[in-house]
Amino acid sequence: MVTAVHVQTRGRPRHRDYGFLGAGPERPWWREYAGHTAFERPTVLVESDGAGYRAYLSGIPSARRDAVGTVIRYTLVVEEDGVGVPAVEPAAVVTLVRCWVSEQGGPRPGSGGLTRALDGAFPEDEVERMLAAPEPVAPADVRRRVVAAVRALPAADPARSGAPDVGERDWLADAGSAPARAAFVRRVDELLVDRRPGRALLLNLVGSPADLTALLDDTSPLAVIAPDTAVAGPTRLGRERGPVGAGKAPSAAPPRTSPVISATLPMPARTTSRPVSRLWTVLTPLVLALAAVIALLLPLLSR
Amino acid sequence: MTNQAPAAAAGAAAAGEDGRLVYRIGMVGPSRVGKTSLITALLHDGQRLLEGTPISMKAVGTATQKRLSQHRRELDGSLLAGEFDAGALGGSQDQFTFHLMLDTGVPGTGIELQLLDYPGGWLDPHTRPAGVDAQWEECERFLEQCSVLVVPVDAAVLMEATTASHLRAVPTVLGTPQVTDVVRSWLKRRNERPDEPALLLLCPVKCESYFDDNGGRRDQSATLLQWVRKVYRQVVELVPNEAPDVRNMRVVYCPVDTIGCVEILRADWLPEPDEPGALTFVAHYGVRPPGERSVKGTEDIMIALCRQLVAGRQKVEEREAGLRREQADTAQTFAERDEGFFRNIWYLVSGERRLRADAARSSREEAIQAAERARALTGIVESLARRVHSDRVHQW
């Protein structure tokens, strides 16, 4: 398998909950971002190691509703190992991302293109049939339908035309900004078409650069857009490393249960300078020895 | 910002970051019952209860803050549009741990509440999607470690079941067999900590149409109570049977108006395709003018939680204060210990004696601070204990 395409959605009946049409991905790698995004809301995760890539798009609404009237969503996962001829052109995945990201700037005329395309490729009765089928849906069938959905998407200018180059390796920008979205799609194009290593993420539980510290990686440049962020424009992400919450003051308290009290007590810094300290080290034994001799001799002399 | 519970937070209460105490609160309910709405209401309204006290309640971390604000925004938009459709609020697709903080204002003395939310469909092995078994196991572990278990119940399902076929569908819609199983596992685990107080909260939600104390037109509270007793009888009966060793186990009934300004207009019991005899419940709500959210009942949850949680905190603080005191005493003894004539002179000259005295003083100060924190929290415990539950609450 060169390219794997997976689609997750649900059926109308209560018992037909979210599941992949056919076999799902081998590993839910997107869960690594569970602390940074709510998957039921618009999310895009694109990762490339320079050879292969994987992409995850979720929160895509369908026109379908479940039994209690809740909007049904789609999740798309595309994984390519970089070996052989791709079954889905990387440019097609860029188109999917471009379409989904372009809808994150708020409601506007013509939005919902991805919803219409996917609903067209996955009609309600066929989705119900696929979810209820005792045998898994053939991967080729799912792939064919996704490719058909991409073809139904509105054509666009090449991804990079007019897209600004942020000029930073790691950056965060607000998803509500059109230039930021264009820069994001440009980065996705670089990752998938030019096969550059890195990541491009649309995350919805991120508010500031500090929230992304744990995702920084020297070997994988990071471009992030997020709704309702505290940043005005594309903002360079810090180079600090460490887990989220790093930077907190280390506890000054000693271990509570240490039996060696001298090792656990906080010792104030010595204020004596080093040369003086050395002098003391030499003189003190001499003075003490002299004192001891006097102390021993004094009773004898006093007799 | 992390969705993973701190590793140190094993058990019902444990020390988290900055020495703060971490409590895990479990929720068990079917899909779309309103778990996220209840958490949002808890944060929103819990602050009102704590007004005038040194404690405040806040969301911790960007992820929790954004999750709650997204949910509130959807809800507010729905109310502004003049119609409320419970189905319009998207359900959870993945597990998520909400981090709320009962903050005393003194660094390191807060209590962090971790509430686990997850797709209700995961409760039922038949509807659980393939590939989430590992995640569900994580949820089960979390639930078993909680000292508080909240069971949200869709009040409308109980109150709008008017025919025999409706009633037959109620256990399926409310997922009572799965809820019972989770409660049973939780109770069994409580036996391992018999001295730890435990709390089982039965929380009917979306109750605004059945109480007349929050803008509602009719009082059907007695009927609701009766139905909850009947449908959850098995759950309540499990308590003495499955957790006989737990000395301080409470079962509290706390109905909540999660929105407050809505009124049920119509309830539909729709046949499920492919499942003969099975019904799906759909409620349609209208918004009462002026359409402002008016949560009620979360105060009672907060009182029940705070009595338990702050009492637990008090115990930990007292233990810590005792340890610090012990440490200070040892440090003092060490500082004043007779080391023999020559060594005493040597320590005096080299400054070692002064260092020991400084260390003892520092340890003593920490002990005093710990004792003060324990005293402050004792005061808050007493203050919260004086508050009385509303007439809605029943304790079994």
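Which residues in helix 1 of chain A are buried? They are Pro90(A), Ala92(A), Val93(A), Val94(A), Thr95(A), Leu96(A), Val97(A), Arg98(A), Cys99(A), Trp100(A) and Val101(A), where buried means under 20% relative accessible area, exposed over 50% and partly exposed in between (1.4 Å probe, protein chains only). This is a predicted model, in which local features need pLDDT of at least 70, side-chain atom pairs count only at pLDDT 80 or more, and totals for chains, interfaces and linings use all residues. Residues are numbered from 1 along each chain as its sequence is written, chains are lettered from A in the order in which they are written, and side-chain values use heavy atoms, without hydrogens and water.

**Confidence**
- Chain A has a mean pLDDT (the predictor's confidence in each residue, from 0 to 100) of 80.
- Over residues 240-273 of chain A, pLDDT stays under 50.
- Where pLDDT is low, the predicted coordinates should not be read in detail.

**Salt bridges between chains**
- The whole structure holds 34 salt bridges over all chains, each a side-chain nitrogen of Lys or Arg within 4 Å of a carboxyl oxygen of Asp or Glu.
- Asp94(B) and Arg31(A) meet in one of them at 3.2 Å, N to O.
- Asp94(B) is buried at 5% relative accessible area, and Arg31(A) is buried at 16%.
- Arg41(A) and Glu74(B) form a salt bridge at 2.8 Å, N to O; Arg41(A) lies in a loop of chain A and Glu74(B) in helix 2 of chain B, so the pair joins two chains.
- Arg41(A) is buried at 17%, whereas Glu74(B) is partly exposed at 29%.

Technical notes. Helices (H or I, at least four residues) and strands (E, at least two) are DSSP runs, numbered from the N terminus. Contact means heavy atoms within 4.5 Å.
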